[in-house]
Amino acid sequence: MTPAPSASVRVQAPGKINVSLKVGPPRPDGYHSVASIYLAVSLFEEVTATEWDGDGVRVSLSDPDGRVPLEGIPQDADNLAARAARAVAKRAGRSPRVHLHIAKRVPVAGGMGGGSADAAAALVACNELWNAGLSRRELAELAAGLGADVPFSLMGGVAAGLGVGDRLTPVAAAAPLHWVLVPAGYGLSTPKVYAETDRLRADTAVAEPVQADPDVLAAIASGNPGELAGVLANDLQPAALELAPQLEPVLAAGTRLGALAGMVSGSGPTLAFLASDETGAAALAAALRAEGHGALAVHGPAAGAVVLPEAAPESP
Ligand code: ATP
């Protein structure tokens, strides 16, 4: 067996959907408290970290499945993966010399936490590449400093999230849930969707969310998609549909073509349709594609950020 080059580490981390997202009123610090139930799905970002001699962090991007437009993703120090690498380097007391190659599969600005998955993958990859020896707990602390969705991508599975979504409690799922994702060809800015949510609810008394929806937790614990379909909820959905009304007919198409339920994922514009099982998801994805919608069958819970066995042949 040829030994793998030791100077490269490849890590995958999952995108997420929020099967329940309750959003509180705007806080004085500008953030919103949420009560969310995250589900990691089998759509993975891959980050390959390779040693290099240049200064700082170099970022490159690819779109291995030819589905994710890469415009708008920073390739400099602002990339969330680069920020993650610097955080590991700082904690490990070393210089952040690394080339991060990101193979993107999660839609950009799609409400699925793709940038957060890149950051989670980069944390694990740099820790491994540099033999930094940080525990999963230490990586989770760094993740929380990078963004609200980064700790969840690190952890994967299913979790209830409070605070800004970063105070996570793992949730057991009885069985895999099958979904069809319909990514949009454009993104929605998460801050704009929150601002629109505030505007739409300006005359409504909005309570601080204090706990994840118990009905959703019960449906996940029972593994019954029919039960879950009746309780899926996303407080950001009205604002996402206001900002992108072209999503309405796609939501209707998914339901007409057999989805148990459909929803906007997080701040959108990706749509997530729940199917009864794997066969149902494959049939629904095919039917949506036949009507001209890009559709992907996925399942969850999926594992959190994990080192893959060998370096990607495609990484430069
Ligand atoms: P979330 O649901 O976590 O708010 P999202 O899925 O809507 O996120 P992302 O794809 O994570 O959106 O990225 C949102 C913005 O973050 C992008 O438009 C881009 O400007 C910036 N960004 C920084 N790093 C990355 C990255 N590695 N991948 C994608 N976007 C990134």
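Leu 80, Ala 81, Arg 83, Ala 84, Ala 85 and Val 88 of helix 1 meet Gly 115, Ser 116, Asp 118, Ala 119, Ala 122, Leu 123, Cys 126 and Asn 127 of helix 2. Contact here means that C-beta atoms, placed from the backbone, lie within 7 Å. This is a predicted model: local features need pLDDT of at least 70, side-chain atom pairs count only at pLDDT 80 or more, and totals for chains, interfaces and linings use all residues. Residues are numbered from 1 along each chain as its sequence is written.

**Helix 1 and helix 2**
- The contact residues of this pair divide into nine nonpolar, three polar and two charged. Ala, Val, Leu, Ile, Met, Phe, Trp, Tyr, Cys and Pro count as nonpolar, Asp, Glu, Lys and Arg as charged, and the others, Gly among them, as polar.
- The two helix axes come within 8 Å and cross at roughly 30 degrees. Axes are lines fitted to C-alpha atoms, for helices over the stretch in contact, with angles from 0 to 180 degrees between N-to-C directions.
- Helices (H or I, at least four residues) and strands (E, at least two) are DSSP runs, numbered from the N terminus.

**Ligand shell**
- Helix 1 (80–92) and helix 2 (114–129) each supply at least two shell residues.
- Helix 2 gives the largest share, four residues.
- Of the 22 residues around the ligand, Leu 80, Gly 114, Gly 115, Asp 118 and Thr 190 come nearest. The shell criterion is a C-beta atom, placed from the backbone, within 6 Å.
- By class, the shell has eight nonpolar, twelve polar and two charged residues.

- Four strands form an open antiparallel sheet in the order 9-10-7-11. Strands pair if DSSP finds at least two bridges between them.
- Strand 9 (261–264) and strand 11 (296–300) are the edges, each pairing on one side only.
- Twist averages 30 degrees from one strand to the next.
- Strand 9 and strand 10 (residues 271–275) share four bridges. Gly 262 partners Phe 273, and Met 263 stands opposite Ala 272.
- Five bridges join strand 7 to strand 10. Here His 178 stands opposite Ala 275.

**Cover over the sheet**
- Five of the five residues of strand 10 are buried (20 or more other C-beta atoms, placed from the backbone, within 10 Å of the residue's own).
- Leu 271, Phe 273 and Ala 275 lie on one side of strand 10, with Ala 272 and Leu 274 on the other.
- Helix 9 (residues 247–256) lies across strands 7, 9 and 10, at about 10 degrees to strand 10.
- Helix 10 (residues 278–290) lies across strands 7, 10 and 11, at about 10 degrees to strand 7.

Notes: Two residues are in contact if their C-beta atoms, placed from the backbone, lie within 7 Å. A residue is buried if 20 or more other C-beta atoms lie within 10 Å of its own, exposed if 12 or fewer, and partly exposed in between; C-beta atoms are placed from the backbone.
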